[in-house]
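Dear colleague,

Please find below the structure I said I would pass on to you. My notes on it follow directly after.

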Amino acid sequence: MKLRKWSGVGIGVGVLLLWSSCTPVMKPAATAINNGDPYEQLAVYAAVQELLREQYLDADAVGYDALTAGALKGMLGQLDHYSTYDTPEEFAMTMRELSGEQIGIGVVVAKAANEFIRVIAALPDTPAFEAGIRAGDEIFTIDGTNTAELNIDECMKLMRGEAGTEVTVEVYRNNDYDNPASYQLERRQFHRSSVPEHGTRMLTGDIGYIQIESFTEMTGLELDLALHTLQKNAGCAGLILDLRNNPGGMLDAAVEVCSRFIEPGELVVSVEGRTPDVLEKYHTRSKSTFFAGPVVILTNCFSASAAEIVAGSMHDLERAILVGETTFGKGTVQRIFPLPNGGAVRFSIAQYFTPSHRQIHGVGIPPDVELVLSSDEDSRLADQLMLDPNTPWEGGPERIPDPQLDLAVEVLTDRLHPQEPAPE
């Protein structure tokens with residue numbers, strides 16, 4: 001079976017498959033349980049499962065599928081913030097999203113443990129954007145469920161669903177916790193390119209600009225098109241690569257992006273687990289599309305996962321100067337393995353390290369030139385970055401300045417055209 005990659009590669013199914021083949025036990029054994037024996041532990045699970053099926057008040061709630069799904073979600077959920085079990089329906093939706101197709105309300109979010117989810121951006125032409133949800137909003141309930149009690153995957157699953165179905169979210173804005181707003185939204189299918197059409201353009205002089213919003217199966221090809229567009233202009237000597245608010249995605253896509261700027265065979269990232277046998281190294285590949293000019297990468301506190309791999313690798317290999325803010329610090333590797341029931345388990349098995357062996361997780365990648373914005377500036381700029389720069393912004397009478405982009409232009413201009421020291 002070919003394994004699908006989610007910032008990593010496949011893994012064997014192991015003991016999880018034993019659950020479907022163990023013999024149900026109606027009564028727990030009187031002797032003490034051996035914690036080191038997986039079969040005795042499975043007997044405890046089977047005993048509880050059968051007790052629930054016999055005696056729980058609502059018989060419709062204790063089917064084998066529902067109980068097994070709940071047990072798997074509990075097992076994976078207690079490990080860390082990123083480990084989870086996907087039901088067959090949820091896994092099918094995950095695979096669609098990796099190709100760029102999504103069904104939901106159209107928000108990019110971030111979440112810290114025990115906090116509400118924060119909207120990083122509402123995608124244009126989606127239910128959330130049309131309803132007025134904007135970057136900086138905090139979604140505190142989804143269909144009545146408190147988001148502070150869930151991990152980010154659980155929150156996203158609640159917002160996803162079949163096209164045409166409805167979901168209700170309650171939102172706090174500007175830290176006004178006394179006056180929440182409620183939105184009833186109809187889910188629908190939408191497509192969002194990882195390199196949006198409006199995110200490729202020439203800036204002042206000989207500087208090009210490309211924005212990458214996420215890392216999907218199509219990112220490499222979309223970046224090729226963007227680079228070809230800029231390279232048609234003979235004056236494009238330097239490039240600004242904007243990874244702000246990019247939540248990450250596929251590891252292979254990060255390697256593909258680095259391969260457009262770094263010579264083949266260079267280390268992009270190493271993946272290291274708790275044992276020496278869990279060690280993989282990913283190197284740049286030979287690509288026909290290659291940009292050899294100087295690069296500045298824009299990052300902020302919401303640049304995560306695959307975005308941090310690109311920033312860290314390009315920086316360590318001296319192919320980019322980083323401008324903006326320290327990145328999010330999501331540097332653990334989750335591997336997905338499809339299960340026989342059509343679902344999948346995803347859990348953390350390793351950490352990412354940059355070519356110079358810098359740890360990403362919990363630390364982030366600091367910029368060479370730092371410019372930290374206020375939360376209000378971050379929110380308004382996140383909305384602006386989702387729209388064509390020539391489109392009037394609904395959030396105000398005019399667009400606000402982008403000081404991080406201005407600084408990136410200044411840094412790149414100095415690199416392209418170094419100033420001669422003034423004579424004394």
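The accessible surface of the protein amounts to about 20,000 Å², and carbon and sulfur atoms account for 52% of it. Please bear in mind that this is a predicted model.

As to the overall fold, the protein contains 10 helices and 19 strands. Of its 424 residues, 51% are buried. I also looked at contacts between residues at least 6 apart in sequence: 68% of these join residues at least 24 apart.

Two residues deserve a separate note on backbone geometry.

The first entry is Asn-174, which is not a glycine and yet has a positive phi, near 55°. Asn-174 belongs to the loop that runs between β7 (166–172) and β8 (181–186). Its relative accessible area is 66%, so Asn-174 is classed as exposed, the cut-off for that class being over 50%.

The other entry is Ser-305, likewise a residue other than glycine, whose phi is positive at about 55°. Ser-305 is located in the loop between β15 (295–299) and α8 (306–316). Is Ser-305 buried or exposed? Ser-305 counts as buried because its relative accessibility is 4%, and the buried class covers values under 20%.

In summary, a positive phi is found at Asn-174 and at Ser-305; Asn-174 is exposed, whereas Ser-305 is buried.

With kind regards

Terms used. Residues numbered from 1 in each chain as written. Predicted model: local features only at pLDDT ≥ 70, side-chain atom pairs only at ≥ 80, totals over all residues. Heavy atoms only, no water. Helix = DSSP H or I, 4+ residues; strand = E, 2+ residues; numbered from the N terminus. Buried < 20%, exposed > 50% of the residue type's maximum accessible area, 1.4 Å probe, protein only. Contact = heavy atoms within 4.5 Å. Areas by Shrake-Rupley, 256 points an atom, 1.4 Å probe, with all protein chains shown as cover.
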